[in-house]
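Welcome! Please take a moment to look over the sequence and the model before you read on.

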Amino acid sequence: MNLQLIEVYIPDQHFESIHEKLQTYTHRSYWVSRESEERVLVRILVKKNEVEEILNYLEGVSNVVEGFETMLIPVQTYLSKDTIHEELKEDKEKKEGREEDKAHLLRASRHELMNAADKNSHITMNYSLLILLSAIVATVGIIKDSEAVVIGAMVIAPMIGPVIAIAFSAILGDYKRLGKSVLSSLYGIAIVLFISIAFGYFTDMGMENAQYLDRTKVTLIDIPLGVASGAAGALAFLSRLSGNLVGVMVAVALLPPSVAMGMSIGDGSMSAAYGAFLLVTVNIMSILLAAVSIFSISGIRPVRWEEVQKANVSRPLAIVFVTAIVLILAIVILEGKDII
């Protein structure tokens, strides 16, 4: 059962109008209790796909009402007399076609996703250390020509968060969060490059094995890999599922080629560095193309007028821009093959 609890603290003088409006929304249970002489607490138990509509209304009220507070709490278990036959009832509704989907994709509320994107856009000590450690492990894995070690590095590399946050911020037109997400992504890649350049400069080991050479060449088939990784990452983000396995998919596209690029620069092999750079760029743009497309069709939209205007501009602009870059990169790859 996918339920969430909304707790709303309403100033007494505004309670009647807001209470009347809240009761019009579909809910499972509704409780009212007086917390003090100044405020009333309303608890609303709703299904997850009905949360966003209520939160959008409450967000609008919060802009004009002082002392108004809202909290969203996940519900792990809910038991009542009605839940005994709930599953049978839902199955029947699905068969009869009466279940309504308010978005093309099942997802968490916009407010939850914004909080997650904000968290992913920040540079933290944990993020820095995990990137540093994964870069060391991946570089050593490539030098030793060990696929198992490289996979281990991709498991711990937290590279999915900032990239997905870039796509999410672009769809909403949140340029401030977009800038932070881009900075976090570049920061992570910079750490990987620093480590791998150092290894490439001080040793020439691992420059002729398959793990390295495969990451210095780019083909058109790498575009579907990036698109699939980005789509999986976006869907995991929308559903607020564990991103560990999906994070490995994104790290496959970003970490090893970044390491190969750094090792090539450190060794002075500019031709190989260019191939690895092109592969990193193709993968990043393919991931972003899939992510912005998934977010666009998921029904994520802001509420405030000025945010709606920015989103209406940034959404198609982001898709067109990333698509154009991917097409340009595809042409560069084809031209490079013709030259060779």
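Here is a short tour of this protein, topic by topic. Keep in mind that the model is a predicted one. The protein has 13 helices and four strands. Of its 340 residues, 46% are buried. If you take the contacts between residues at least 6 apart in sequence, 80% of them join residues at least 24 apart.

**The sheet**

- Begin with the four strands, which form an open sheet in the order β2-β3-β1-β4, with antiparallel pairing.
- The edges of this sheet are β2 (29-34) and β4 (69-75), and each of these strands pairs on one side only.
- On average, neighbouring strands in the sheet are turned by 15° against each other, with direction ignored.
- Strands β2 and β3 run antiparallel and are joined by six bridges.
- Four residues lie between β2 and β3, and the two strands form a hairpin.
- Within this pairing, R34 has V40 in β3 as its bridge partner.

**Strand β1 and its two partners**

- How many bridges join β1 to β3? There are nine, linking β1 (residues 3-11) with β3 (residues 39-47), and the two strands run antiparallel.
- The pairing of β1 with β4 is also antiparallel, and it extends over seven bridges.
- You can see both pairings at I6, which stands opposite I44 in β3 and opposite L72 in β4.
- Strand β1 is mostly covered, since nine of its nine residues are buried.
- Its residues point two ways: L3, L5, E7, Y9 and P11 go one way, while Q4, I6, V8 and I10 go the other, and all are buried.

**A closer look at Q4**

- Is Q4 buried or exposed? Its relative accessibility is 5%, so Q4 counts as buried; the cut-off for buried is under 20%.

**Helix α2**

- Which strands does α2 touch? Helix α2 (residues 51-62) packs on the sheet and touches β1, β3 and β4, and its direction makes about 20° with that of β1.
- The length of α2 can be checked: at 1.5 Å a residue, its 12 residues should span 16 Å, and its end C-alpha atoms are 16 Å apart, which agrees.
- The buried residues of α2 are V51, E52, I54, L55, N56, L58, E59 and V61.
- Turning to Y57, you will find K21 lying over the face of its ring, at 5.9 Å from the ring centre.

**Aromatic rings**

- The structure holds six aromatic pairs.
- A pair of aromatic rings is described by the distance of the centres and the angle of the planes.
- One of the pairs is formed by F168 and F237, which are edge-to-face, with 5.4 Å centre to centre and 65° between the planes.
- Why does this pair tie together parts that are 69 residues apart in sequence? F168 lies in helix α7 (residues 160-172) and F237 lies in helix α10 (residues 222-239), so the pair links these parts of the chain.
- Both F168 and F237 are buried.
- Together with F295, F168 and F237 form one aromatic cluster.

**A loop residue to look up**

- Where is D145? You will find D145 in the loop between α5 (125-143) and α6 (147-156).
- The phi angle of D145 is near 55°, a positive value in a residue other than glycine.
- With a relative accessibility of 37%, D145 counts as partly exposed.

Methods. Residues numbered from 1 in each chain as written. Predicted model: local features only at pLDDT ≥ 70, side-chain atom pairs only at ≥ 80, totals over all residues. Heavy atoms only, no water. Pairing = 2+ DSSP bridges. Axes fitted to C-alpha atoms, helices over the stretch in contact; angles between N-to-C directions. Contact = heavy atoms within 4.5 Å. Phe/Tyr/Trp six-rings, centres within 6.5 Å; stacked < 30°, edge-to-face > 60°. Buried < 20%, exposed > 50% of the residue type's maximum accessible area, 1.4 Å probe, protein only. Lys NZ or Arg CZ within 6 Å of the ring centre and 35° of its normal. Expected span 1.5 Å × (residues − 1).
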